[in-house]
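Hi,

Here is the structure I promised to pass on.

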Amino acid sequence: MNVLDIIGPVMIGPSSSHTAGACRIGYITRKLLAQEPVSAEIDLAGSFAKTYRGHGTDRAIVAGILGMRPDDLRLPNSLEIAREQGFVYRFRTVSLPRCHPNTAIIRLKAADGTSVEVEAASIGGGNVLVTRLNGMESAFAGQCDTLIIPHRDTPGVIATVSQILSFSGTNIGNFKLSRPAKGRLAMMTIEVDSLVPQETIRALRALPNVENVVYLQAKPEDDGHA
């Protein structure tokens, strides 16, 4: 067990689950968009929906979307900063059966129309779990470096991705494939044990049936993309 699971993360705010974890959900969603966001629709469920104003969950999520970390001193003023930057956001409370009590669904959009939808839960101690990405099942926590690879479901794509990672000396720690329908858009979620070289990311992006490669780096000092 990590010591942060016991004492909680370094953060600004009253609650590791409702503030630090919420900020991480917003931050991960920003990184998955891979562009500067201009608007967000944010659904809150469970205890998030009941206490989000009092615990600063709304400010934390918007702070993360703006690129702030949980210990950023600007976090309490994130809503004001968002308005100053022209960032448009909307919160809504919803009921999601069988979801984790601290669940958010964030739909983020960039100026060119590019969008991403993330469903994630703050599971305690500032830790999060992404459960759905763009409507497809997922399962990653952002505690390890993670590759998100949407691709066309065609023979050989997974094998080729694995070979490229192997040639670069990158070890796969965990792998999940989401495939709603055979032959259509699918998604690989790959947690790795070490930094993925930039040339490896470029090689993966150049594959014929790969739509995109998003690289989420776990360390706070990392920017999150190659």
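This is a predicted model: local features need pLDDT of at least 70, side-chain atom pairs count only at pLDDT 80 or more; totals for chains, interfaces and linings use all residues.

Let's start with two helices: the axes of H4 (residues 57-65) and H5 (residues 78-85) come within 8 Å and cross at roughly 45°. Helices here are DSSP runs of H or I with at least four residues, strands are E runs of at least two, and both are numbered from the N terminus. The axes are lines fitted to C-alpha atoms, for helices over the stretch in contact, and angles run from 0 to 180 degrees between N-to-C directions.

Which residues make the contact? On H4 they are Asp58, Arg59, Val62 and Ala63, and on H5 they are Ser78, Leu79, Glu80 and Ala82; contact means heavy atoms within 4.5 Å. Residues are numbered from 1 along each chain as its sequence is written, and side-chain values use heavy atoms, with hydrogens and water left out.

Now the charged pairs. The structure holds 10 salt bridges, each being a side-chain nitrogen of Lys or Arg within 4 Å of a carboxyl oxygen of Asp or Glu. One of them joins arginine 30 to glutamate 36, at 3.0 Å from N to O. Arginine 30 counts as buried at 16% relative accessibility, whereas glutamate 36 is partly exposed at 49% (buried is under 20% relative accessible area, exposed over 50%, partly exposed in between, with a 1.4 Å probe and protein chains only).

Arginine 74 pairs with aspartate 72, their closest N and O atoms being 2.8 Å apart. Here the arginine is partly exposed, at 46%, and aspartate 72 is buried, at 17%.

Arginine 152 and glutamate 211 also meet in a salt bridge, at 3.3 Å from N to O. Arginine 152 sits in strand S7 (residues 145-152) and glutamate 211 in the loop between helix H7 (198-205) and strand S10 (214-216), so this pair ties together parts that are 59 residues apart in sequence. Both are partly exposed, arginine 152 at 38% and glutamate 211 at 48%.

Finally, salt bridges that share partners join Asp43, Arg92, Arg107 and Glu117 into one network.

Cheers
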